Amino acid sequence: MNNDVILEVKNLCKDYINKKLVVHAVSDVSFTLRRGQTLGIVGESGCGKTTLGRCIVRGIPATSGEVLFHSPEGKTVDYLSLKGEALKDFRRHIQMIFQDPYSSLDPRMTVYDIICEPLKANFHLPKEELDKKVLRIAELTGLNLSFLRRYPHAFSGGQRQRIGIARALVMYPQLVICDEPVSALDVSIQAQIINLLKDLQQELGLTYIFISHALSVVEHISDMVMVMYLGRVVEMGTVERLFTRPAHPYTEALLSAAPKPDPDIKTERIILEGEVPSPANPPSGCYFHPRCPYATERCAQQSPALTDVGDGHMCACLRAKELHLRQSARV
């Protein structure tokens, strides 16, 4: 295996079972992530983005599949199979930044205690060493050191998210899953947090999985982009290729709906007909065919595999090579 690869996700599935009802939240997702890259994951609400991230970090148990983590020492471990002390040892390598900076922080703990908690749970360090590590990560994330003894209620949303970032990074993980970390923030604060994440990635050598529904944010921070629909990956490729030459009709529709910062750019929005199907009762064939303007009878009968349509660009569409989708201006 190439030493640049840090994560391989293979055929990951997550089903929720309620009596006789089975909800396929994530269906057979596979991808490879290289060290130092940022993989953006986009899609409509309910497409399985957050569920996928939480399965990878072991926040919720996956139904099946593998999450292979490659350490810098060359050791490969199936993260989903770890138990007990082995799991505890590896948890420090994969951390998560949560979406809501209000509910994700314990209101009864000071900022110092919130940031320090992962260190106390995983290591037996003297007070001086704990203070040193907390102060260091607080400085890196732009927190005022005089505020460490205050409680979360005293801070704005942007400051709270910096606290959440500091908590995730205090053990210096190698992979960080960012679950819509700026969606609850004002636009001006969003830019600050995104730039902070990019600076921290350079300084600490981090690898990100960045989950978001904001295409402009994903374009700004990501190297690779993965598009999900109804729990499945429908397209994956580099930012440049995916944003300018989409291969899947769903991606084309998403890009057409994204606001453009240049008022001189005139685009016609593609309005998808119908509603998103239920993951408990998905349609036959291609999951997207009931809403796809290019669908044929074959699309309703045959499920498309994720295949290379050129230069490593992956797409799950039976007509990907024959369609001429709308060229998109950069978001």
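Is D106 buried, partly exposed or exposed? At a relative accessibility of 25%, D106 counts as partly exposed, where buried denotes a relative accessible area under 20%, exposed one over 50%, and partly exposed the range in between (1.4 Å probe, protein chains only). The structure is a predicted model, in which local features need pLDDT of at least 70 and side-chain atom pairs count only at pLDDT 80 or more, whereas totals for chains, interfaces and linings use all residues. Residues are numbered from 1 along each chain as its sequence is written, and side-chain values use heavy atoms, with hydrogens and water left out.

The protein chain contains 10 helices and 12 strands, assigned as DSSP runs (helices H or I, at least four residues; strands E, at least two) and numbered from the N terminus. For 331 residues, a compact globule would have a radius of gyration near 20 Å, and the 21 Å of the protein chain agrees with this; the radius is taken over C-alpha atoms, and the globule rule is 2.2 Å times the number of residues to the power 0.38. Along the principal axes, the C-alpha atoms fill a box of roughly 70 × 50 × 40 Å. Of the 331 residues, 50% count as buried. The protein chain exposes about 16,000 Å², of which carbon and sulfur atoms supply 49%; accessible areas come from the Shrake-Rupley method with a 1.4 Å probe, and for residues only the protein chains shown count as cover. Among contacts (heavy atoms within 4.5 Å) with a separation of 6 or more, 66% join residues 24 or more positions apart.

The charged side chains comprise 38 positive and 37 negative ones, and the centres of the two sets lie 4 Å apart. In this count Lys and Arg are positive and Asp and Glu negative, while His and the chain ends are not counted; each charge is placed at NZ of Lys, CZ of Arg, CG of Asp or CD of Glu. A search of the whole structure finds seven salt bridges, each defined as a side-chain nitrogen of Lys or Arg within 4 Å of a carboxyl oxygen of Asp or Glu. One of the salt bridges links D106 to R108, with an N to O distance of 3.4 Å. R108 is exposed at 69% relative accessibility, whereas D106 is partly exposed at 25%.

A further salt bridge joins E203 and R136 at 3.5 Å, N to O. Because E203 lies in helix α6 (residues 187-204) and R136 in helix α4 (residues 127-140), this pair ties together parts that are 67 residues apart in sequence. R136 is partly exposed, with a relative accessibility of 38%. The side chains of D311 and R241 also meet in a salt bridge, with an N to O distance of 4.0 Å. D311 is located in the loop between β11 (307-308) and β12 (314-315) and R241 in helix α8 (residues 239-244), so parts 70 residues apart in sequence are tied together by the pair. D311 is exposed, with a relative accessible area of 79%, while R241 counts as buried at 15% relative accessibility.

Two helices were examined for burial. Helix α9 (residues 249-257) is largely enclosed by the rest of the structure, because eight of its nine residues are buried. The buried positions of α9 are P249, Y250, T251, E252, A253, L254, L255 and S256. Their cover includes α7 (215-221), β9 (224-229), β10 (232-238) and α8. Helix α1 (residues 49-56) is mostly covered, with six of its eight residues buried, namely K49, T51, L52, G53, C55 and I56. R58, which follows α1, has a positive phi near 70 degrees.

Within helix α7, V217 is buried, with a relative accessible area of 10%. Apart from its neighbours within four places in sequence, V217 is in contact with V182, Q190, I194 and F210.

D4 is found in the segment before β1 (5-18) and is partly exposed, with a relative accessible area of 44%. When neighbours within four places in sequence are left aside, D4 is in contact with L33, R34 and R35. D4 and P72 are 68 residues apart in sequence, and their C-alpha atoms lie 8.8 Å apart in space.
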